[in-house]
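Work through the exercises below with the model open. Each task is followed by a solution in steps.

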Amino acid sequence: RDKLVTGVQTCALPIYEKSRRRGAVLPAAQMAKEMHAWKTELKQQIKKLETDRQINLVNAYAAQRRVKDVRDALKSMYDFYYGYDPQFTWWMEAPYKGMDSLLNVYSDAMLARARENSSSVNDGSGIIGRPIGAVELKNQLELEYIPYSAEELIRIAEQEFAWCDRELLKATREMGFGTDWRAAMEKVKNTYVPEGRQPEMILDLYNQSVDFIKKRDLVTIPPIAEETWRMNMMSPARQLVNPFFLGGESIIISYPTNTMAEPDKLMSMRGNNPHFSRATVHHELIAGHHLQMYQNDRYRSYRNFYTPFWIEGWSLYWEMILWDMGFPRGPEDKIGMLFWRMHRCARIIFSLNYHLGKWTPQQCIDFLVDRVGHERANAEGEVRRSFQGNYGPLYQLAYMIGGLQFYELKKELVDGGKMSYKQYHDAILQQNQMPVEMIRHILTGKAPQQKFSTSWRFYKGGKGID
């Protein structure tokens, strides 16, 4: 496996590092000899890269991680013995420094060759991410307790998209545009507030959503949680990666500044209009991320099972149930909230196709523009965020999939008469972060088997949110 990934046989390193951790005297002369052989082989591999047309980004990034492991192991030994062990110091200084430098050259050369081979580099977007491939997608889905393949998740997204399409056409007809949903969405986009008035609009939407939630007694809202959230403005540089809100105890507002070009200003204002924002202010604040974080600090804070399916799935779930309960006041609000629902479906489709190696970043951008109705600058920012914004490869699909998990569990417990909405929502927030399937085991009182493997097929064939 070592040789397959790095091109160099370095399998003796784990033995040496294991011995180092127990303070053994290492055979420095033998190590220097082996390292000389590794360097000779590594130089040959670097030369082969000049004509290698097969290596792709998935393999190159895997090799980079393996090279880093090798360098870290070498450095661990060198820092431990150099200057303390005369034999090691005498034999290993030049071999170590030469090998470490050559490994760095090899890593950079491999990634450069993979980028030259990859069509995504030359697709016009300027976005270079890290596609992980089908095998790693499968592994990560299993770790998150998601019992569906990437292909099945894409089909789920397409079925949810079909629901959105039907609702979008209903709202379009209500607005008098027949079946021309693009014209209806264009009118909605142009409802943006005047420059300088975006924070005022956000506060109004916050008040509407909290009043709506309180009147229906949907969740406990501690007074301090209401008091302590605040607003900040997002920098122009950060808006290149996050063209919409970010949230938590502070809602971070994406809106134009004086330094932006005129077309970018307009696209930002249109993409953050009041009807679109109706689905996102409560997503970021209450009962979304701010309330999550507030309760995480107070209940079972020892649970550190970070998972975006709980984090983003919970906030997306609130978009679903507020839709069900009539939070959109008219067709314009419906189109605004459906824009975001479609966006969540699109995230599954474009992110998985990208990581499977089927789509380039530019294809992802075009998909958001053509299928969802994004402003192009906002679509570019969204794709850049997805692949270059330090988010995990499952993060974008976790919104809709996690939301569907919470929604299905709601049907089982609340619709089934076992809990009220408030009991259900409070219970989830008081369990802290963990895979939603584990929340289900806790709330239903059914302990998982000792040799647990995920088996909850929570999606009901397109009826999850009908």
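**Exercise 1.** State which residue of β2 stands opposite Met-233, and how the two strands run.

Solution. Met-233 faces Ile-253 in β2. Strand β1 covers residues 230-233, runs parallel to β2 and is joined to β2 by four bridges. Strands are DSSP E runs of at least two residues and helices H or I runs of at least four, numbered from the N terminus; two strands pair if DSSP finds at least two bridges between them. The model is predicted, with local features needing pLDDT of at least 70 and side-chain atom pairs 80 or more, while totals for chains, interfaces and linings use all residues. Residues are numbered from 1 along each chain as its sequence is written, and side-chain values use heavy atoms, without hydrogens and water.

**Exercise 2.** Decide whether the faces of strand β2 are covered or open.

Solution. In a regular strand the side chains alternate between the two faces of the sheet. In β2 (residues 250-253), Ser-250 and Ile-252 point to one side, Ile-251 and Ile-253 to the other. All four are buried, and both faces are therefore covered (buried is under 20% relative accessible area, exposed over 50%, partly exposed in between, with a 1.4 Å probe and protein chains only).

**Exercise 3.** Count the aromatic pairs, then classify the pair of Tyr-78 and Phe-88.

Solution. Rings of Phe, Tyr and Trp (its six-membered ring) pair if their centres lie within 6.5 Å; planes under 30 degrees apart count as stacked, over 60 as edge-to-face and the rest as tilted. The count by this rule is 26 aromatic pairs. For Tyr-78 and Phe-88 the centres are 6.3 Å apart and the planes stand at 55 degrees, so this pair is tilted. Tyr-78 is in helix α4 (residues 57-81) and Phe-88 in helix α5 (residues 86-117), so the pair ties together parts 10 residues apart in sequence. Tyr-78 is buried at 8%, and Phe-88 is buried at 2%.

A tilted pair is also formed by Tyr-81 and Phe-88, with 5.2 Å between centres and 35 degrees between planes. Tyr-81 is buried too, at 5% relative accessibility. One aromatic cluster takes in Tyr-78, Phe-80, Tyr-81, Tyr-82, Phe-88 and Tyr-96.

**Exercise 4.** Describe the second largest pocket by volume and lining.

Solution. A pocket is an open set of points on a 1 Å grid over the protein atoms alone, where a 1.4 Å probe fits, with protein on both sides within 12 Å along at least five of seven lines; lining residues have an atom within 4 Å of a point. The second largest pocket holds about 320 Å³, a volume being the space filled by probe spheres set on the points, which are joined across faces, edges and corners. Its lining has 25 residues, with Glu-284, His-289, Glu-312, Arg-385 and Tyr-399 nearest the centre. Helix α15 gives the largest share, four residues.
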